[in-house]
Amino acid sequence: MRHCRSLTGAAALALMLSAIALTDVAYAAKPVGSDKGASEQSGGSNDKGIYATARITYSGSVATNGSRGNVTSTDVNWTPPPCWYAPYLGAKDFKKKMSQDIERQMSAPGMGGHAGAALSELKRHYENEYGWTDTPGYKDYNVDKDGEGMFWAAVENPNEPDVLKRNSCNDLPFWVDNGEAPPPQYEEAITPEILAALAYQHMQLPDTEVTLAPEQTTKVNLPTWAWLDKAVFDEVQATAALNVPGFNLQATTTAKPVSLTLEPGTDDAVTYPASGECVINDDSSIGEPYAKGKANRTPPCGIKYLRSSGNGTYNLQATITWDISWIGTGGAGDDLPDGTFGNDQAVTVQEIQAVNR
């Protein structure tokens, strides 16, 4: 039997119970060594099927301890997903977990009125096939289909600072048969594209310092050459994967360096080229190493300071722009917004001392 949702408290209750059910279990971003690759156990199983929470695992060049990487998107309107729906528990384990949560809430002091009625409605939804438009109910938590699928539930992105966005995936846990796609109304259900965005969020780009000549200390009106060798300036990859029986997804996000932007740290300077953006060469290097005999040449990538830094230094900012794309399960793939990552380097600029004879 299908019904219209009649209690406004049910939606709020769904949020509360989903949060209880998923705290500290449905998400894992395990530290992996930079560019070393690693994986994490994605739950447990027995002869009935999987019964543990599915975890997203990361490998490649990613930040440690599940923290954000160091990539900044050039598109200020692009953000990683604040939440998503993913496989949670098998039918028997879901029944145990959810029924305990419901009973604990129903026995809490003062749990009556609309809240108590909403809890009763939620119990009927999973036990007695009580449903509403586009949301069918379940008989005894679907235990007769144990091992044939999983209940999916909302997962918050712990790296999303906006609590309202983190809680925006607020539908009740729902059943998905093994090998089947989630119902279309769950637009935030995990996909390779979502995994690619999460890999982007966790990606750790190399902390590459630009080579300068003269190094650290230069002279007023003397061109300073800047360059990056191909050997230390290569593409970076990060992979996010979710693997459970009947539902395996992954996506690899690749960042390729395309340019270096120099900001002198003072208005009293000129850059080469004038835009300050040094593009990548055919051999995948940037700029040109300084060598004897080039003193009178204009560097293809560099800076000329017009005033001394006095007793201090100028903060040279060298920012690399990376072209970012992804490819995932089933051959899906696309571009993502360019990313940037920069380093600061202290540069001392001295006046040229004239010698009187």
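Tutor: Let us begin with a helix. This is a predicted model, and in it 10 of the 11 residues of helix H5 (residues 192-202) are buried, so H5 is largely enclosed by the rest of the structure.

Student: Which residues of H5 are buried?

Tutor: They are Pro192, Ile194, Leu195, Ala196, Ala197, Leu198, Ala199, Tyr200, Gln201 and His202.

Student: Is threonine 321 buried or exposed?

Tutor: A residue counts as buried under 20% relative accessible area. Threonine 321 has 14% relative accessibility and is therefore classed as buried. This residue lies in strand S17 (residues 314-328).

Student: With which residues is threonine 321 in contact, leaving aside its neighbours within four places in sequence?

Tutor: The contacts of threonine 321 are with Lys256, Pro257, Val258 and Ser259, and also with Asp338, Gly339 and Thr340.

Student: How does one describe the chain as a whole?

Tutor: The chain contains five helices and 18 strands. Of its 357 residues, 46% count as buried. Among contacts with a separation of 6 or more, 75% join residues 24 or more positions apart. The chain exposes about 17900 Å², of which carbon and sulfur atoms supply 47%.

Student: Where does pLDDT stay under 50?

Tutor: The mean pLDDT of the chain is 83, and 83% of the residues reach 70 or more. However, pLDDT stays under 50 over residues 1-10, for which the model has 25 contacts beyond four places in sequence. It also stays under 50 over residues 15-52, with 98 such contacts in the model.

Definitions and conventions
Residues numbered from 1 in each chain as written. Predicted model: local features only at pLDDT ≥ 70, side-chain atom pairs only at ≥ 80, totals over all residues. Heavy atoms only, no water. pLDDT = per-residue confidence, 0-100. Contact = heavy atoms within 4.5 Å. Buried < 20%, exposed > 50% of the residue type's maximum accessible area, 1.4 Å probe, protein only. Helix = DSSP H or I, 4+ residues; strand = E, 2+ residues; numbered from the N terminus. Areas by Shrake-Rupley, 256 points an atom, 1.4 Å probe, with all protein chains shown as cover.
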